[in-house]
Amino acid sequence: MSNRFDLVVFDWDGTLMDSTASIASAIRSACADLGLAVPSVEQARHVIGMGLAEALRYAVPELGEADYPRLAERYRFHYLARDQELVLFDGVEDLLHELRGRGLLLAVATGKSRRGLDRVLAQTGLAPLFDATRCADECFSKPHPAMLLELMDELGVEPERTLMIGDTTHDLLMAANAGTPALGLSCGAHPVDQLEGAEPLAVLDSAEGLRRWLIANA
């Protein structure tokens, strides 16, 4: 049976890696370090998926422009302190190998920096599974469609043959802006009702749920 899609693009944090709590905690700790009002956990989780600069400006809009680099430095300090503890969601590695075995192209579109993504790809050993990647310091931040448009152009795949998978509305809106179908995952940063509001093909709760959907529909 032929595949419905040729290219599957994954977000990273909260989609492939169980890192949402660490990112939100690092944002809140960075704000506390600078004596700023600490955003709620929900506010901190909402910005996950954006590029770091955009995320911090959204989470702490009252901060003076000259102070954002210091806030970013404190965020990186707290995030990297727990970086080695982060793990992939159960079943993710097997799912990626299964999709490769079906002949699908795989890619990553992430709010991480290039340095951050390269580090985690090396740590997990997953780099060989991906045909292309795009990071927030190389493109406009989600939900701008640049990451997906560049990936599709590089790999020669049309929007209707591309599937975006992510755990935030930023991912799903990026897909809508690029004209690609999308799936939401509720195991990450944004709640089910917000994901459903972005009108993906489906909202799933785990890598296993995603695998079952892909077997039946992709």
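## Basis

Residues are numbered from 1 along each chain as its sequence is written. In this predicted model, local features need pLDDT of at least 70, side-chain atom pairs count only at pLDDT 80 or more, and totals for chains, interfaces and linings use all residues, while side-chain values use heavy atoms, with hydrogens and water left out.

## The cavity

The structure holds 1 cavity of 30 Å³ or more. On a 1 Å grid over the protein atoms alone, a cavity is a set of points where a 1.4 Å probe fits but cannot get out, and lining residues have an atom within 4 Å of a point. The largest cavity has about 60 Å³ of space; a volume is the space filled by probe spheres set on the points, which are joined across faces, edges and corners.

Its lining includes F10, F89, V92, L95, A207 and L210. The elements giving two or more residues to this lining are α5 (92-101) and α10 (207-217). Helices here are DSSP runs (H or I, at least four residues), numbered from the N terminus. The lining has 9 nonpolar, 2 polar and no charged residues. Ala, Val, Leu, Ile, Met, Phe, Trp, Tyr, Cys and Pro count as nonpolar, Asp, Glu, Lys and Arg as charged, and the others, Gly among them, as polar.

## Helices α5 and α10

α5 and α10 pack at about 20°, with their axes 9 Å apart. Axes are lines fitted to C-alpha atoms, for helices over the stretch in contact, and angles run from 0 to 180 degrees between N-to-C directions. The two helices are therefore roughly parallel (under 35 degrees; over 145 is roughly antiparallel, 65 to 115 roughly perpendicular and the rest oblique).

Contact (heavy atoms within 4.5 Å) is made by V92, L95, E98 and L99 of α5 with A207, L210, R211, L214 and I215 of α10. These divide into 7 nonpolar, no polar and 2 charged residues.

## Helices α3 and α4

The axes of α3 (residues 52-59) and α4 (residues 68-81) come within 10 Å and cross at roughly 105°. That makes α3 roughly perpendicular to α4. L52, L56 and R57 of α3 meet Y68, L71, A72, Y75 and R76 of α4.

## The largest pocket

About 640 Å³ of space lies in the largest pocket. A pocket is an open set of points with protein on both sides within 12 Å along at least five of seven lines. Of its 31 lining residues, L52, Y75, G111, K112 and S113 lie nearest the centre. α4 gives the most to this lining, with 7 residues.
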